[in-house]
Amino acid sequence: MTEKYDVIVVGAGHAGCEAAAAAANLGSKTLLITIDMNKIAQMSCNPAMGGVAKGQIVKEIDALGGYSGIISDKSMIQFRMLNMSKGPAMWSPRAQCDRMVFSSEWRNTLESLPNLDFWQDSVTGITVENNKITGVKTELGVKFKAKSVIITTGTFLNGLMHIGQTKLKGGRISEPASYGITENLMQLGFTSDRMKTGTPVRIDGRTVNFSKLQAQDGDSLIMPFSFMHNYNQTFLKQRSCYIAYTDEEVHASLRTGLEESPLYDGTIQSIGPRYCPSIETKLMTFPDKDRHQLFLEPEGENTIEYYLNGFSSSLPWKVQLDSLRKIEGFENVKIFRPGYAIEYDFFHPTQLYNTLETKLIENLYFAGQINGTTGYEEAAAQGLMAGINAHLKINEKPEFTLNRDQAYIGVLIDDLVTKGVDEPYRMFTSRAEFRILLRQDNADVRLTELGYNIGLASVERFSNLEKKLHQRDELINYFNIQSCKPENVNHILSESGSSELKQSVKLSTIIGRPQIKVNDLIPGFPKLEKLINGFGERSQEIIDAAEILVKYSGYIDREKLIADKLKRLENIEIRDKINYAELKSLSTEARQKLIKINPKTIGQASRISGVSPSDISVLLVFLGR
């Protein structure tokens, strides 16, 4: 076990699993070190993947050759496509997953990779020579040598949990924290800080009166996350989620515990998530609201354990239980464990390059919550990119990065390394200025060829993409040449609330109407039905891809034009080419931020907080001279 590895990954959460898989699949001899091999890819909070913007990230990971989409499909117990009432840029797949199946499928996948070894232990620090990584040290006293190291420690760095006045050391309930890494890295010059997150109570479903709750079923048509999905594969048994509400009586009960809340007595000083607040924070932030919506979600296909989304709390366990029992449907509820808050160390991501390599130590990478993010999907995306770049760097190959107009992953990493974080970072569609281009349906079109070119996406995956593009274009061509007579479609148009035809038009014109779906037109066009049937099991995927391009071509083309204009700034590289201290025309704040971030391009410089358009003009004039 003392052999030298190409890549060592520290931590086997969502980031660590994707990082280890990517490095190993690309050909690096890889070692994955984790505190507990029975908790690989553990879903610490809600057992769900995807959601608004997060679903797009899972699809992107899959398109590049990662595993999060494949594992999500295998463990899915409810699927919903969110935001279907809005345009396709907002459509976001979400899957409730079986927590135990998700973890076991990830372990099975990792154990099947020939280039991947495992070691169960706690890493206490790294070894460095001449500002270059050489390996890691563990609690058991083992030293592993490596050309590259990726740290993906999640919430485990000096983790401290809070339940009322009770404090528990650990990275997750009943699991030990990781000590030594933070102190080691700070000695090497890194800047660290503390963040906070939380999780709700886990509920015994046998004690819930479901008749008083509103059932929320999944979609009847399940659209898999993975573009490699085998449609002959059956999904797990699909389960319902349920909606409940708090009321003033519940709020009054919760308020009795505020004096013992570590959030309000000064015990917790670290930064918490603004967009996913604890129930006690909701009471203080929104005092005018007389109720808050809650989602009761199953933890697995067969388990009686449920997760109460929206009821995250660090209040004393008795206050949590008493308050729960005042919610309609939960009068006799029993819990498996209370909710808790957890504080942990993170490192400001402005200390990283876009490859997620640290600026201070060569061949050392950070991925996941250590960079100030939250969410499985954000972590997995960073792990994938770190694993890819660690392999490429030690093999002297060009780095692999994604632009903001190429992927949500590109937006995520650019935001982190350029702007930094002042709260746990979560991806939203609003963060992406090119979200019409970055749809969940076209992740493979955007990224699979890139993944194939670096050797991560398989030949089969690339062949599937080429076949899909051929079929999509064949369908669009049919729409453009097929005439559509009034007598064939007016009854459909009338039923859909769309104006009837007075003369023949091309079928693409009809499909361009917002009220009309391609599936509505199939019965009236036998040739169309025959063409689509020839597409086989992926016919709906092809229909959606073609329909979106026809309906929204004007918006898509306009956004591409804007992206192409801005890309000119992304092509002007400036890293290590300008002495900002000597440019007196820059504002003082801009000078300080540019020196600190050392942006790669003018485009990245323009997104740094504190760097104004006039400062960018100064840089452009300087470069012109």
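Q: Leaving aside neighbours within four places in sequence, which residues is Tyr-478 in contact with?
A: Tyr-478 is in contact with Leu-507, Phe-525, Lys-527, Leu-528 and Leu-531. Contact means heavy atoms within 4.5 Å. This is a predicted model, in which local features need pLDDT of at least 70 and side-chain atom pairs count only at pLDDT 80 or more, while totals for chains, interfaces and linings use all residues. Residues are numbered from 1 along each chain as its sequence is written, and side-chain values use heavy atoms, with hydrogens and water left out.

Q: Why does Tyr-478 count as buried?
A: Buried means under 20% relative accessible area, exposed means over 50%, and partly exposed lies in between (1.4 Å probe, protein chains only). Tyr-478 has 11% relative accessibility, so Tyr-478 counts as buried.

Q: What is the place of Tyr-478?
A: Tyr-478 is in helix α12. Helices (H or I, at least four residues) and strands (E, at least two) are DSSP runs, numbered from the N terminus.

Q: What makes α17 mostly covered?
A: Of the 13 residues in α17, 10 are buried. Among them are Ile-542, Ile-543, Ala-546 and Val-550. The buried residues of α17 pack against α11 (443–454), α12 (459–481), α14 (507–511), α15 (518–521), α16 (526–533) and α18 (553–570).

Q: How do you know what span is expected for helix α17?
A: The expected span is 1.5 Å times one less than the number of residues. Helix α17 (residues 539–551) has 13 residues, and the expected value is 18 Å. From the first C-alpha of α17 to the last, the helix reaches 18 Å, close to that expectation.

Q: Which residues touch the most other members of the largest nonpolar core?
A: They are Ile-8, Leu-364 and Ile-409, in a core of 104 residues. A nonpolar core is a set of buried Ala, Val, Leu, Ile, Met, Phe, Trp, Tyr and Cys residues joined through side-chain atoms within 4.5 Å. Helix α9 (residues 376–394) gives the most to this core, with 11 residues. Apart from it lies another core, of 25 residues, among them Leu-521, Phe-525, Leu-531 and Ile-532.
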